[in-house]
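Dear colleague,

Please find below the structure that I am handing over to you. My findings follow directly after it.

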Amino acid sequence: MNILNILDEIEKVDAEIYERINPRRAAMKSFYNMGSKVAMAAVPLAMGSMFKKAYGQTPSGVIDVLNFALTLEYLEYYFYQQGAAQPGLIPAGTPAVAAINTIRDHELAHVNLLKGAISASGGTPVSFTAANFDYTAKNNFPTVFSSYPTFLAVAQAFEDTGVRAYKGQATALMSAPSVLQTALQIHSVEARHAAHIRQMRTTAAGGGQTAMKPWITGANDSGIGAAVDAVYKGEDNVTQGGVNITSLGFSVNAATASFDEALSTADVLAIASLFIKS
Amino acid sequence: MKNFQQEDQDVLHKESGILTATLQRRSFLQYAGAGAAGIALIAAGCKKDKNDNNGVNLGSGDIGILNYAYALEQLEAAFYDAVVKTPYSGISQTELGLLTDIRDHELAHREFFKKALSSSAIPGLEVNFSSIDFSSRASVLGTAKAFEDLGVSAYNGAGKLIKSADYLVLAGKIVSVEARHAALIRDLIENGTFANMEVVDANGLDKARTPSEVLSIAKAFIKTSINATNLPS
């Protein structure tokens, strides 16, 4: 497969292809030059990104999205890795131990998957170690690794943020269908994690948040207040696709809980930056 | 609502335009991405097909995908409606409360699609729950688990078939709620199974299924025959 041949093929159907891309010749040129460097496996990704530039869709590249996701996965992985390794934090002899290990292992799998995908696409994966993160969030959560309820509260914030972050990136991946599907397959796993962590918080040891539901109800149902307001910003939305769900006969709680909301890249980075040492 | 329908009109307009005029962006991407480009383009240009002897026709393009989601939400809503109306023996208040919440979410999804699709919506489907023992916790939760995991895999597989960014985000807003349901139901059956190897692979990925895979599983619970032949693939 050769990008130039493909452009020729497209020209047969779309005679104006070169005119279309002409104003953005710079974008095209970089792809011509890239051709020799990029491995075959990377071609679908490279093409997706090129079409986006040529046809003026969302400017954020697929690799940028993958690196953004990788940053969040590192944030989650090292959090669970340290939590699981902290003696006395997760109540020994309870199902919580296996649950946290399961989630930790998934986050590591996501890290490795994303790293591989970025490298295969000719990109450079971002790199983090545990030392890059401050899980107290600049002393907002000083007991994050000594208090089990605090640990779970922060875990919930990470998982709910992760769900919202992947959702917010979906449209930037539409030009790369297989990448989009993979992102969606991670997205729903994060939602499963979020639901379970929320259930763990209902237990006495986990903080006794007995009213906590596996789904997000209204604005900021975290039980830890304003510290995580940014995580839940907009979750009280009741209008979907122009339809006010409450006008269909549903309570505000049901209307907000039945749809999760997306978060923009900027909003997610603002949350993540609290936990990343500068 | 008006906006929603207006967008559909726009999409149809753009798609039919590609056969006679220049390529629109969206169609161009489809051409570039799909191997069977010609087929995809022709399918995209087709008008919604009528329901006939081959069953309820979901339609084509994004409308077809939305109707596909609407069909699955109808199935889930009908199931939880029955669960809450005749709770299984020995149900706790906590479990009844959670299942009532899920029922409300599925009803909201169903009613949302019905309203959003408006005149393009498929009719109400007739369900077949003869294999479910609604008095048995194991039967009800086992079925709920199957439906929720199926729903998650269905949305995960359908995302890349959606052409409108707005619809993709909407599907994303629903699928994560379905995944939360799936996790809870699994934990109710056996704590800790919220994301076990039955549903999450070694790469940490949830399942994704094509519409034909999903509908062949779902049809055991749906009396009405569904025709998905015009769905994008």
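A:Asn220 is found in the loop of chain A that runs between H8 and helix H9 (229–232). The model is a predicted one. The phi angle of A:Asn220 is near 50 degrees, which is a positive value in a residue other than glycine. Is A:Asn220 buried, exposed or partly exposed? A:Asn220 has 19 C-beta neighbours inside 10 Å and therefore counts as partly exposed; a residue is called buried if 20 or more other C-beta atoms lie within that distance.

A:Ala137 also deserves a note. Its phi is near 50 degrees, a positive value in a residue other than glycine. A:Ala137 belongs to the loop between H6 and H7 of chain A. With 19 other C-beta atoms within 10 Å, A:Ala137 is partly exposed.

Chain A as a whole

Chain A contains 11 helices and two strands. Along the sequence, their order is α-α-α-α-α-α-α-α-α-β-β-α-α. Chain A has 278 residues, of which 49% count as buried. If one takes the contacts in chain A between residues at least 6 apart in sequence, 67% of them join residues at least 24 apart.

Helix H5 (residues 62–85) of chain A has 24 residues and reaches 34 Å from its first C-alpha to its last, close to the 34 Å expected at 1.5 Å a residue. Of the 24 residues of H5(A), 18 are buried, and the helix is mostly covered.

How is the packing of two helices described? In general, one gives the angle between their axes and the distance between the axes. For H5(A) and H7(A), the angle is about 165 degrees and the axes are 11 Å apart. Because of that angle, H5(A) is roughly antiparallel to H7(A); the term applies to angles over 145 degrees. The crossing of H5(A) and H7(A) is left-handed.

Which residues of H5(A) and H7(A) meet? H5(A) contributes A:Val65, A:Phe68, A:Ala69, A:Leu72, A:Leu75, A:Glu76, A:Phe79 and A:Gly83, and H7(A) contributes A:Phe151, A:Phe158, A:Gly162, A:Ala165, A:Tyr166 and A:Gln169. By class, the residues of this contact are 10 nonpolar, three polar and one charged.

Chain B as a whole

Chain B contains eight helices and two strands, and from the N terminus on its elements run α-α-α-β-α-α-α-α-α-β. Of the 233 residues in chain B, 49% are buried. Among the contacts in chain B with a separation of 6 or more, 70% are between residues 24 or more positions apart.

Helix H6 (residues 137–158) of chain B has 22 residues, and the distance from its first C-alpha to its last is 31 Å, close to the 32 Å expected at 1.5 Å a residue. In H6(B), 16 of the 22 residues are buried, so this helix is largely enclosed by the rest of the structure.

The axes of helix H5 (residues 93–117) and helix H7 (residues 165–189) of chain B come within 11 Å and cross at roughly 155 degrees. H5(B) is therefore roughly antiparallel to H7(B), and their crossing is left-handed. On the side of H5(B), the residues that meet H7(B) are B:Glu95, B:Leu98, B:Ile102, B:His105 and B:His109; their partners in H7(B) are B:Ile174, B:Val177, B:His181, B:Leu184 and B:Leu188. This contact of H5(B) with H7(B) has six nonpolar, three polar and one charged residues.

B:Leu184 is one of those partners, and its C-alpha atom is separated by 34 Å from that of B:Thr229, 45 residues apart along the chain. B:Thr229 lies in the segment after strand E2 (226–227) of chain B. B:Thr229 has 15 C-beta neighbours inside 10 Å and so counts as partly exposed.

Where the two chains touch

How many residues does the contact take from chain A and from chain B? It takes 57 residues from chain A and 52 residues from chain B. On the side of chain A, the elements that give two or more residues are helix H1 (3–13), helix H4 (43–54), helix H6 (95–120), helix H7 (148–169), helix H8 (177–200) and helix H10 (252–257). H8(A) provides the largest share of that side, with 17 residues. The residues on the side of chain A that touches chain B divide into 32 nonpolar, 18 polar and seven charged.

Yours sincerely

Terms used
Residues numbered from 1 in each chain as written. Chains lettered and ligands numbered in written order. Predicted model: local features only at pLDDT ≥ 70, side-chain atom pairs only at ≥ 80, totals over all residues. Helix = DSSP H or I, 4+ residues; strand = E, 2+ residues; numbered from the N terminus. Buried ≥ 20, exposed ≤ 12 C-beta atoms within 10 Å, placed from the backbone. Axes fitted to C-alpha atoms, helices over the stretch in contact; angles between N-to-C directions. Parallel < 35°, antiparallel > 145°, perpendicular 65-115°, else oblique. Left-handed = near helix turned anticlockwise from the far one by under 90°. Contact = placed C-beta atoms within 7 Å. Nonpolar A, V, L, I, M, F, W, Y, C, P; charged D, E, K, R; others polar. Expected span 1.5 Å × (residues − 1).
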